[in-house]
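Please look over the structure below before reading on.

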Amino acid sequence: MHTALFEKIEKIGLVPVVKIDDASKAEGLAKALIDGGLPCAEVTFRTDAAAEAIGRITKAYPEMLVGAGTVINVEFAKQAVAAGATFIVSPGFNPEVVDWCIANNVPIVPGVCTPSDIEAGLARGLTTLKFFPAEASGGVNMLRNFAGPFPNVTFMPTGGINVKNATEYAAQRNVLAVGGSWMVNAALIEAEDWAAISALCRDAVATLQGLKLARIGIGTATEEEAKRVATLLAAVGIANLVDEQVEVYASDENTKGYLGFSCINAERSAAYLVDRGFTIEESSVQRNAAGKLLSCSFAEDLGGFALRLFTE
């Protein structure tokens, strides 16, 4: 249900949860988010400015993914959709709101924090749910426990998530994307400090990738040279590093070898790198049975080393 939408949200990986008091600031905020690499927002119905803010953003930036949050009744849902919201998010599982959205073909991500809530969603065909309030409801450990009985459910955890723990949440296999508000601080919005918001977004997006150097390949001209280099690396302890797997091999390629980076979500990180000028080598792409990207290489090199990306 609404697969394309959720694939977009997964690639972004982080949904800024916005509380805006002055709708006239909506366009500036939206541009700051886009400039920071987060073309997405959940505008909450915690203020009277929500519907107008959604309308302003969707009109000025139609390419942006805009949802409505804190939708606690059907009236808010109707206002949000009329304003142009692409999806609805609610803090709890309100059957009236959920049923209205389903009846009107509006994507809905209702809040859950118990197995009973999850089963209520499944009974209505919903497999992407909001885990709220995440930290207060058991956090990452609760998500791990949900994975067993509900293997086909993905979550958008929100509540208590910040720059320090966002990556830990994103690393859970059943997390589609995380929600947070630290990059859209109310004081920064009020001051219209769009540069600061963009900087916080860029930092958040980079952190969320979980990119780390995990494999090193060193290509040599001959087998003999490969053995010599491997022996030298072992002698100085490099080949035994805990965090890196070092491979030395004979190669007739033009590169010196490769740098292999692991990440939390290969689809997300590949898109992240493509946005920054890298080009995926289509012949290198590997996917799982569900079609999800597992690994790929890029046409560009880093200092003579080929660049590879793979999911941990």
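## The largest pocket

Helix H1 gives the largest share of the lining of the largest pocket, 5 residues. The model is a predicted one, in which local features need pLDDT of at least 70 and side-chain atom pairs count only at pLDDT 80 or more, while totals for chains, interfaces and linings use all residues. Residues are numbered from 1 along each chain as its sequence is written, and side-chain values use heavy atoms, with hydrogens and water left out.

The volume of this pocket is about 960 Å³, and of the 38 residues that line the pocket, Glu-10, Thr-154, Arg-173, Leu-176 and Lys-292 are the closest to its centre. A pocket here is an open set of points on a 1 Å grid over the protein atoms alone, where a 1.4 Å probe fits, with protein on both sides within 12 Å along at least five of seven lines, and lining residues have an atom within 4 Å of a point. Grid points are joined across faces, edges and corners, and the volume is the space filled by probe spheres set on the points. At least two lining residues each come from H1, helix H12 (266-275) and strand S14 (293-302); helices (H or I, at least four residues) and strands (E, at least two) are DSSP runs, numbered from the N terminus. The lining divides into 18 nonpolar, 13 polar and 7 charged residues, where Ala, Val, Leu, Ile, Met, Phe, Trp, Tyr, Cys and Pro count as nonpolar, Asp, Glu, Lys and Arg as charged, and the others, Gly among them, as polar.

## The second largest pocket

The second largest pocket holds about 260 Å³ of space, and its lining includes Lys-8, Lys-11 and Ile-12. H12 gives the most to this lining, with 4 residues, and by class the lining has 5 nonpolar, 2 polar and 5 charged residues.

## Helix H1

Helix H1 spans residues 3-12, and its buried residues are Leu-5, Phe-6, Ile-9, Glu-10 and Ile-12 (buried means under 20% relative accessible area, exposed over 50%, and partly exposed in between, with a 1.4 Å probe and protein chains only). Just after the helix, Gly-13 has a positive phi of about 85°.

Two strands pair if DSSP finds at least two bridges between them. Strands S1 (residues 14-18) and S2 (residues 40-44) pair over 2 bridges in the parallel sense, and Val-17 has Glu-42 in S2 as its bridge partner.

A further open sheet is formed by 3 strands in the order S6-S7-S8, also with parallel pairing. S6 (111-112) and S8 (154-155) stand at its edges with a single partner strand each, so one side of each has no neighbour in the sheet. Thr-128 is opposite Thr-154 in S8.

## Cysteines

How many disulfides are there? The count is 0, a disulfide being a pair of cysteine sulfur atoms within 2.5 Å. For Cys-40, the nearest cysteine sulfur, that of Cys-201, is 11 Å away, and Cys-40 is buried with a relative accessible area of 0%. The sulfur of Cys-101 is 16 Å from the closest cysteine sulfur, in Cys-40, which is too far for a bond.
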